[in-house]
Structures are given as C-alpha cells and as structure tokens.
Amino acid sequence: MSEILCQWLNQELKVSRTVSPKSFAKAFSSGYLIGEVLHKFELQDDFSEFSESRVSSAKLNNFSRLEPTLHLLGVQFDQNVAHSIITEKPGAATKLLYQLYIALQKKKKSGLTGMEMQTMQPPTNLRLQNMKSDAFREAST
C-alpha cells in the first residue's frame, strides 16, 4: 500500500520531499508533509505557519493545525494517532495517509472547496470539533 501512496505523493502531488516506503514513517513524523498535501488540495490555509523542524514543539504545532482539517475530511485523528505518527510507530503514517488519500479523492470527485465543506457541516459538529481542537492543544502542551 505504501508504494501506491508514494507514487501518488511523488508523481501526482509532487511533494517537496521524495517519499519511499522505507522513509515513510520518518517523512511524515513532523506533520509537515501532511500539511503540504492538504495545502495542495487548498484545505490548509495556514500552511505557511507549519515548520519542517523535528523538535517536539514544531511537531505539536503542525499536528494541532492538522486536526481540524482532518476532522473536516472525516479522517480519524486524535492524540493517539498523532503520537503514533510522531513516534514513527510502524504503519501509523501509512494508515493515516491512506485514509487521507480516500477522503481527498472523494473531495476531488465532489468538486467541493474546503469552505463549502465547512459550511455543509452541522453547527454542533463544528462546535464539537473546535472543542476537540482546544482539548488537543491543551493536552499537548
């Protein structure tokens, strides 16, 4: 599965860093490349605030910025998933990227923008999502 994702990332999306199945976990552990993928789909407006640094504060910043966007796409993401990716747990980044790939293909087929997707969410989901984001940031500090 990671070979297919690498082909998508390297050839179709042309992310800034070449990703191979062997480097997959390390390449995504900072959250930067996930942000880049979302930015290429016009879903991560604050990508300029992301850092390629591998220090823990930069990783926490990146992942806390990713969380609302991933939830908007319906991708399962919480502190445990973030921790697994940050610590390069085998298969964690691959699983998240596969879910992201599926969600982004659905978005592409629907032709919806990120803003249109947000306005279609019920207000209670948005409030809950914002509360989760706050809780994630508080627990991460």
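**Aromatic pairs, core and a buried glutamate**

Trp8, Phe41 and Tyr101 form one aromatic cluster, where rings of Phe, Tyr and Trp (its six-membered ring) pair if their centres lie within 6.5 Å, and planes under 30 degrees apart count as stacked, over 60 as edge-to-face and the rest as tilted. The model is predicted, with local features requiring pLDDT of at least 70 and side-chain atom pairs counted only at pLDDT 80 or more, while totals for chains, interfaces and linings use all residues. Residues are numbered from 1 along each chain as its sequence is written, and side-chain values use heavy atoms, with hydrogens and water left out.

By this ring rule, the count comes to six aromatic pairs. In one of them, the ring centres of Trp8 and Phe41 are 6.4 Å apart and the planes stand at 40°, so the pair is tilted. Because Trp8 belongs to helix H1 (residues 2-13) and Phe41 to the loop between H3 and helix H4 (56-72), this pair ties together parts that are 33 residues apart in sequence; helices here are DSSP runs (H or I, at least four residues), numbered from the N terminus. Trp8 and Phe41 are both buried, that is, under 20% relative accessible area with a 1.4 Å probe and protein chains only. Phe47 and Phe50 form a tilted aromatic pair, with 5.4 Å from centre to centre and 40° between the planes, and both of these residues are buried.

The largest nonpolar core has 34 residues, and Leu9, Phe28 and Leu100 are those with the most contacts inside it; such a core is a set of buried Ala, Val, Leu, Ile, Met, Phe, Trp, Tyr and Cys residues joined through side-chain atoms within 4.5 Å. At least two residues of this core come from each of H1, helix H2 (24-28), H3, H4, helix H5 (79-86) and H6, and H6 gives the most, with seven residues. Leaving aside neighbours within four places in sequence, Leu100 is in contact (heavy atoms within 4.5 Å) with Ile34, Val37, Leu38, Leu70, Leu73 and Val75. The buried residues of H6 include Leu96, Leu97, Leu100 and Leu104, but also Gln105 and Lys107.

Glu36 lies in helix H3 (residues 32-40) and is buried yet has no salt bridge, a term that requires a side-chain nitrogen of Lys or Arg within 4 Å of a carboxyl oxygen of Asp or Glu. The nearest side chain of opposite charge, Lys40, is 4.3 Å away. Not counting residues up to four places away in sequence, Glu36 touches Lys14, Val15, Ser16 and Phe47.

Methods. Buried < 20%, exposed > 50% of the residue type's maximum accessible area, 1.4 Å probe, protein only. Lys, Arg positive; Asp, Glu negative; His and termini not counted.
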